[in-house]
Amino acid sequence: MSESSANKFGFTINPSRLINYDTSDRKVRDYVTMKEPSFRLCFACGGCTATCTAGQYTSFNLRRMNTYIRRGEITPLIEEVTRCMLCGKCLLVCPRGVNTRNVVAVASEAIRKLERNEL
Amino acid sequence: MSAALKHIVVAGGGVAGMEAAGALAEMGHRVSLVEKEKNPGGHLLQWHALFPDHRPADEVKHYLNKRIRNESITLYTGTGVEKIKHHGHEVVVTLSDGTLINADAAIIATGFDLFDARRKEEYGYGIYDNVITSAELEEMFNAGKVTTADGRIPSRVGIVHCVGSRDEKVNNNHCSKVCCVTAVKQAIEIRKQLPGSEVFCFYMDMRMYGPYYEELYRESQEVYNVNYIRGKVSEASVNINNRLVIKVEDTLAGRPLKMELDMMVLMVGMEMSKPGTLLAEASGLKRGINRFFETADHHYGNNLSNVRGVFYAGTCTAPMNITDTISHARAAVAETVRYINSR
């Protein structure tokens with residue numbers, strides 16, 4: 001049954017919420033790791049997100065964004081990276097010395113490349 | 001050669017030094033125990049109660065004081081150890097008051113310094129009155145009175161884990177091991193003393209590595225309603241009502257969180273002590289990348305230094321709890337006696 005005919009009966013087919021690690025695309029992760037090796041050091045303390053200017057008013061969450069990159073979850077990542085204002089406050093608090101601002105910059109670069117099939 | 005009547009210098013009269021001195025004296029050796037403060041006891045002197053069972057710290061202090069009450073132990077107080085050199089069959093120990101002691105061996109037990117919380121400026125220690133350290137909270141427990149700077153009963157207390165530990169910004173990548181369980185213990189004590197208060201622990205990971213630590217953590221939730229929020233506090237400020245305001249990400253909710261507090265307790269970690277650092281430099285003793293004394297082997301030479309006749313006991317080598325410190329001191333004694341007997 002196609003999705004449109006399913007709708008006629010008042011049902012919808014929900015997209016899977018599963019992180020399917022075997023089918024997700026980790027080219028962005030590999031690119032970010034290569035360009036900004038400190039990315040690997042994140043231990044998800046959320047210090048960046050606590051201090052984030054953009055995160056007070058939008059759903060931007062750098063800690064979660066790092067996880068999306070690591071898991072190869074590209075769809076939510078594409079939206080996430082556009083919200084950062086690159087102010088760099090997160091850099092000041094990161095206890096692992098991750099170059100957080102550059103992670104965002106490099107991740108957007110990776111997404112642009114991915115869209116052009118250059119990754 | 002007989003093992004009796006040898007002379008060993010123990011540098012530092014905290015838990016490790018007192019245990020080592022006591023164990024050596026018990027075996028018939030002569031010990032010079034050198035403590036820089038007026039009284040032996042180390043950091044334990046400040047502590048009110050111990051994890052994981054809340055036993056009074058006085059009981060362990062009493063045990064250690066009894067341990068060093070021995071005619072074979074000469075106690076030097078108010079003077080530190082500046083330098084230890086191996087010379088011939090002896091070690092020559094220079095005290096900071098200029099005294100020279102020749103001995104058969106030396107055990108270094110110079111312990112740790114608590115992290116100076118002023119170095120985490122964003123938490124406002126030394127700036128805001130109601131930001132205190134875990135050690136200062138113990139003093140409040142000792143005095144039987146947990147209050148804010150202006151004498152009020154705090155209705156909400158925040159406890160911040162990993163202050164000065166696991167933090168590249170202050171050049172400490174190591175974990176201080178005991179702060180997580182100290183936080184749980186102190187959270188329970190606050191709830192016992194102030195049943196009307198709310199207590200929140202802000203943690204990155206809960207490292208309940210010792211026997212009965214996890215049980216204590218569970219008890220803190222089950223019996224004392226202690227709250228846990230997973231996230232590193234990024235900054236503290238004070239609002240117009242003179243209440244502290246902290247920012248943290250509630251990482252499990254995935255959203256930034258703001259909270260007002262009446263008191264914030266910083267779980268300050270352990271660092272290599274300053275006198276230990278100077279002693280290392282003067283004596284050619286190696287230190288690790290965590291700046292503590294580096295032992296000859298992490299697994300089977302954990303009391304041995306790179307200088308003949310010089311051994312390590314306790315937290316001068318790495319953060320440890322009291323149980324492990326006492327065991328490490330006893331192991332240092334065994335290594336020292338083995339060395340003396342094999343010369």
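Select chain B to begin. In this predicted model, the secondary structure of chain B consists of seven helices and 20 strands. The radius of gyration of chain B is 22 Å, close to the 20 Å that the globule rule gives for 343 residues, so chain B is as compact as a globular protein of that length. Of the 343 residues in chain B, 46% are buried. Contacts in chain B may also be displayed: among those between residues at least 6 apart in sequence, 67% join residues at least 24 apart.

Next, colour chain B by domain. Domain 1 comprises 7-111 + 273-342, and domain 2 comprises 117-270. The C-alpha centres of domain 1 and domain 2 of chain B are 31 Å apart. To their contact, domain 1 of chain B gives 13 residues and domain 2 of chain B gives 18 residues. Select the side of domain 1 of chain B that touches domain 2: its residues divide into six nonpolar, six polar and one charged.

Now move to chain A and select helix H4, residues 62-71. Seven of the ten residues of H4(A) are buried, so this helix is largely enclosed by the rest of the structure. Show the side chains of the buried residues, which are Leu62(A), Arg63(A), Arg64(A), Met65(A), Asn66(A), Tyr68(A) and Ile69(A).

What do the buried residues of H4(A) pack against? Within chain A, the partners are helix H2 (27-35), helix H3 (47-51), H5, helix H6 (89-93) and helix H7 (100-115). Chain B contributes strand S16 (244-250) to this packing.

Keep H4(A) in view and step past its end to Gly72(A). Just after H4(A), this glycine takes a positive phi of about 80°.

Continue to helix H5 of chain A, residues 74-81. Two packed helices are described by the angle between their axes and the distance between the axes. For H4(A) and H5(A), the angle is about 145° and the axes are 9 Å apart. H4(A) passes H5(A) in a left-handed crossing.

Finally, select the residues where the two helices meet. H4(A) brings Met65(A), Tyr68(A) and Ile69(A), and H5(A) brings Pro76(A), Leu77(A), Glu80(A) and Val81(A). The residues of this contact of H4(A) with H5(A) divide into six nonpolar, no polar and one charged. Met65(A), Tyr68(A) and Ile69(A) are also among the buried residues of H4(A).

Technical notes
Residues are numbered from 1 along each chain as its sequence is written. Chains are lettered from A and ligands numbered from 1 in the order in which they are written. This is a predicted model: local features need pLDDT of at least 70, side-chain atom pairs count only at pLDDT 80 or more; totals for chains, interfaces and linings use all residues. Axes are lines fitted to C-alpha atoms, for helices over the stretch in contact, and angles run from 0 to 180 degrees between N-to-C directions. Helices (H or I, at least four residues) and strands (E, at least two) are DSSP runs, numbered from the N terminus. A crossing is left-handed if the near helix is turned anticlockwise from the far one by less than a right angle, and right-handed if clockwise. Two residues are in contact if their C-beta atoms, placed from the backbone, lie within 7 Å. Ala, Val, Leu, Ile, Met, Phe, Trp, Tyr, Cys and Pro count as nonpolar, Asp, Glu, Lys and Arg as charged, and the others, Gly among them, as polar. Domain bounds come from an automatic or database domain assignment. The radius of gyration is taken over C-alpha atoms; the globule rule is 2.2 Å times the number of residues to the power 0.38. A residue is buried if 20 or more other C-beta atoms lie within 10 Å of its own, exposed if 12 or fewer, and partly exposed in between; C-beta atoms are placed from the backbone.
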